[in-house]
Amino acid sequence: FYEKVKGLHSKAYQEPEKAISNPLFAYTLIKRLQTDWQNIVYSNEAIENIQGELTLLPTLHLALKDGYEKVEAKLPKAEDLEGAAKGLMRLQDVYSLSTEGLVKGEFLQVAGDDISIIYRPTFSSALSADDCFQIGKVAYDIGDYYHSVIWLEEAVTLFRQSIGIWNTEDQGSLEEALDHLAFSHYMTGNVSYALTLSKELLQLDSSNRRIARNIQKYEKILRASSDTEPKEIVLQRPNVTHLLTRDTYESLCQRLGSQRKHYQDSQLYCSYETNLSPHLILQPVKREIISRKPYVVLYHKFVSDSEAKRIKEIAAPSLQRSVVASGEIQAAVEYRISKSAWLKDTVDPVIRKLDQRIAHLTGLNVQQPYAEYLQVVNYGIGGHYEPHFDHATSPNSPLYRLKSGNRVATFMIYLSAVEAGGSTAFIYANFSVPVVKNAALFWWNLHRNGQGNSDTLHAGCPVLVGDKWVANKWIREHGQEFQRKCGADPDE
């Protein structure tokens, strides 16, 4: 185990940021810190090895245990490992990644019979049998038998290839993988294969009465259905969040959509923008009009590298699991996986300068209570935000507690670059905007008549490779009466 970790670290330390941006490496790192070391420290093998080789130092194991317990509180928790496993499954689904490819450390996108490489990692990280077992086990525990079958099949294959080899750090085994896989197949309707796997397991563990009873149960089911035509077993991927626009959303995450190019539409162009503000005359902002309906623009180089770095430094200690408006309360949900922090303009001069720059560029009032504090968001492994509106769609929404109206506009700043994934997808408008470091996206959430613009339904695609940071500034209706006047045209 020590030699394995040493080998991994010797490679990772050469380019640590690139190594940790690989979701496969990040998952195995979390697993190593959460379960592998724990299994090593508290294993009988560790005690025997230390006492057998170093009889004069029997207390060495106690020192190892004591050292581990001192740092244990700082190590990833079980929920972190579960979240990382769910993140990998999410990436696998949204980007149509080959499971076999992921096990080998490759990012292969499957589209029908076509397989293409969508990312070549600088630091490759293959998965072990136990790594695959843990992912399958997470899916199994939440009743997601679609993913448990896929990942436990890989785990069983790898465990079979290493029969007779036992790694102290492993949580699972061939027997456990077969047990979970057999029941997963049973739950998906493949009773025949569940029976085959259970018989293989019983050969390995002949005293297991539960498995013997399962075999009898499966045989009885098969006998009862022997006269009927066998049905083709098709694994159905679950739609946990009941997302109606899932296919469009995932398609836009994989490619940019069908938005017209600048050379195809004269209304889409690039320019230097001052908004007639004296503060921007000598330093105008590069504006790229992405879409007219809805109106979406990208401001290039809106912040500097040093400003982006400072904002992330300020926010990092305060990051907490992101929540959304759910009915009349705010709650953490599966369709938004990220951590966020809220920063007042008094916390640092860079935040105050940022607010002023947004005000100069948009002409809007961004002071409290006419705008919300700056929200900084960090997306980890598979971090995402499924299709949603920024504006409130219910009169009971917690967004109205500020008593400053609905969110009329969104100003979102990309504080980092990512190597793959993480685009902002506009679902009904059918286009997506890739992450552009230091740039900012701006759009109107409401029409001039105050009604919500349904074309602004958007999503934050899962981050495939990289560490995505964004900063959101939401501007409210009240206080903008002279900056953005009302209109009767429902499409304006």
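1. The structure is a predicted model, and the comments that follow should be read as descriptions of that model. Two packed helices are described by the angle between their axes and the distance between the axes, and the helix pairs below are set out in those terms.

2. Helix 10 (residues 174–187) packs against helix 11 at an angle of about 160°, and their axes lie 8 Å apart. Because angles over 145 degrees count as roughly antiparallel, helix 10 and helix 11 are roughly antiparallel to each other, and the crossing by which helix 10 passes helix 11 is left-handed. On the helix 10 side, the contact is made by Leu174, Glu175, Leu178, Asp179, Leu181, Ala182, His185 and Tyr186, while helix 11 contributes Val191, Tyr193, Ala194, Leu197, Ser198, Glu200, Leu201 and Leu204. Sorted by class, this contact of helix 10 with helix 11 holds 11 nonpolar, 2 polar and 3 charged residues.

3. Helix 11 (residues 191–204) also packs against helix 12 (residues 209–224), here at an angle of about 150° and with the axes 9 Å apart. That angle makes helix 11 roughly antiparallel to helix 12, and the crossing of helix 11 and helix 12 is left-handed. The residues of helix 11 that make the contact are Val191, Ser192, Ala194, Leu195, Ser198, Lys199, Leu201 and Leu202, and those of helix 12 are Ile211, Ala212, Ile215, Tyr218, Glu219, Ile221 and Leu222. The contact of helix 11 with helix 12 comprises 11 nonpolar, 2 polar and 2 charged residues.

4. For helix 14 and helix 15 (residues 349–362), the axes come within 10 Å and cross at roughly 120°, which makes helix 14 oblique to helix 15. Helix 14 passes helix 15 in a left-handed crossing, with Glu307, Arg310, Ile311 and Ile314 of helix 14 meeting Val350, Ile351, Lys353, Leu354 and Arg357 of helix 15. The contact of helix 14 with helix 15 divides into 5 nonpolar, no polar and 4 charged residues.

5. Which residues lie nearest the centre of the largest pocket? They are Asn378, Tyr379, Gly380, Ile381 and Asp467, out of 44 residues that line the largest pocket, and about 1500 Å³ of space lies in it. The elements that each supply at least two residues of the lining include helix 2 (16–21), helix 3 (23–41), helix 14 (305–315), strand 11 (374–379), strand 14 (418–421) and strand 19 (463–466), and helix 6 gives the most, with 7 residues. By class, the lining of the largest pocket has 20 nonpolar, 8 polar and 16 charged residues.

6. Most residues other than glycine have a negative phi, and most peptide bonds are trans; the remaining features are worth checking against that background. The peptide bond from Lys293 to Pro294 is cis, with omega near 0°, and Pro294 is found in the loop between strand 4 (285–291) and strand 5 (296–300). A cis peptide bond also runs from Gln368 to Pro369, with omega near 5°, and Pro369 lies in the loop between helix 15 and strand 11.

7. Asn275, a residue other than glycine, has a positive phi near 55°. Asn275 is placed in the loop between strand 3 (270–273) and strand 4.

How values were computed. Residues are numbered from 1 along each chain as its sequence is written. This is a predicted model: local features need pLDDT of at least 70, side-chain atom pairs count only at pLDDT 80 or more; totals for chains, interfaces and linings use all residues. Side-chain values use heavy atoms; hydrogens and water are left out. Axes are lines fitted to C-alpha atoms, for helices over the stretch in contact, and angles run from 0 to 180 degrees between N-to-C directions. Helices (H or I, at least four residues) and strands (E, at least two) are DSSP runs, numbered from the N terminus. Angles under 35 degrees count as roughly parallel, over 145 as roughly antiparallel, 65 to 115 as roughly perpendicular and the rest as oblique. A crossing is left-handed if the near helix is turned anticlockwise from the far one by less than a right angle, and right-handed if clockwise. Contact means heavy atoms within 4.5 Å. Ala, Val, Leu, Ile, Met, Phe, Trp, Tyr, Cys and Pro count as nonpolar, Asp, Glu, Lys and Arg as charged, and the others, Gly among them, as polar. On a 1 Å grid over the protein atoms alone, a cavity is a set of points where a 1.4 Å probe fits but cannot get out, and a pocket is an open set with protein on both sides within 12 Å along at least five of seven lines; lining residues have an atom within 4 Å of a point. Grid points are joined across faces, edges and corners, and a volume is the space filled by probe spheres set on the points.
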